[in-house]
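Please open the model in a viewer and keep the selection tool at hand. The stops below are meant to be followed in order.

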Amino acid sequence: MKPGNQTITTHFLLLGFDFHGKMQLLFFTLISVMFLEILIGNSLIVVITIIDPVLHTPMYYFLQNLALTEICYSLSIVPKLLVSVVLERKIISFSACALQLSCVILFVTCECFLLGAMAYDRQVAICHPLHYTTMMNKDRCCKMAIGSWVSSVSVALGFTTWLFTLPFCGRNKVDHLFCDVSPVLKLVCADTALFELLIFIAVVIIVMIPFSLIAISYLHIIHAVLQMPSAVGQRRAFSTCASHLVVVTLFYSTTGIIHLRPKTNLSSNMKKMVSLSYTVVTPILNPIIYSLRNQEV
């Protein structure tokens, strides 16, 4: 950045939704209730899977990590969103925006990896039941979970540091609910071709590798289940995968629209609604889905 020729951006303005009056109050109330449900539901999952020995299995270990990512992800976005709505204080500092974007990348990436790990766990449980305890031992599960978190931190720190060292030239109006890569990148007043290429490659790897693992795992699961002679056994096997499959569908159907197709023709408000769905709706549904579909929980 050349000194004297460009204005340094010290803060950003999150435009969000332009709600007023009763609509503003309704939106605030709805998001507040959903936020409380996210914290309570996912916290209960974390606590239950820790204190109950029956749930000390690989499946619930990964579910515990998944619930933790949902809690942290919501905490990094929703409180600021609520303040913006009720007080109309839409300004966020440069450093706070960088921190929020880093959290978004970190927790979305981690969730992708954890969903892939959970699919592999279900495949081993159904296709190799006799070797399940040895193939999915505590040490391997810990390494898979730690690997998900560490790799996510690396990706988040790398891209956030790179993006926020680029010049913004005083531009500060983020047309979104929170600081996300695409809306912040639009404010950069420099050549971003290389950044866009590498972030796209990273998104494809982060999203598609776990998704491919999930798809392959379920092909093996379906093949193994169809070989079962008992209809009751088939239903039981499919039932153990149903929760994970619903969560995967919800997650990928929303994040894919925003992150795999950042230049889609969706309107700004529609993109905000999709982002809101995987910010507050999906984290609420995850504990509900798992508690309804699993007798142990």
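What percentage of residues 91-120 is helix, what percentage is strand, and how far apart are the end C-alpha atoms? Select that span: the chain there is 90% helix and 10% strand, with its end C-alpha atoms 43 Å apart. Helices (H or I, at least four residues) and strands (E, at least two) are DSSP runs numbered from the N terminus.

This is a predicted model, in which local features need pLDDT of at least 70 and side-chain atom pairs count only at pLDDT 80 or more, while totals for chains, interfaces and linings use all residues. Residues are numbered from 1 along each chain as its sequence is written, and side-chain values use heavy atoms, leaving out hydrogens and water.

Next, select residues 11-14, which form strand E1. Three bridges join E1 to E2, and the two run antiparallel; Phe12 has Ile92 of E2 as its bridge partner. Two strands pair if DSSP finds at least two bridges between them. The open sheet has three strands in the order E2-E1-E3, with mixed pairing. Its edge strands, E2 (91-93) and E3 (173-174), each pair on one side only.

Move on to helix H2, residues 58-87. Of its 30 residues, 22 are buried, that is, under 20% relative accessible area (1.4 Å probe, protein chains only). At Leu75, shortly before Pro79, H2 has a kink of about 35 degrees, the angle between axes fitted to the seven residues ending there and the seven starting there. Glu88 follows H2 and has a positive phi, near 55 degrees.

Finally, select residues 197-221: this span is 100% helix and 0% strand, with end C-alpha atoms 35 Å apart.

Conventions:
Expected span 1.5 Å × (residues − 1). Buried < 20%, exposed > 50% of the residue type's maximum accessible area, 1.4 Å probe, protein only.
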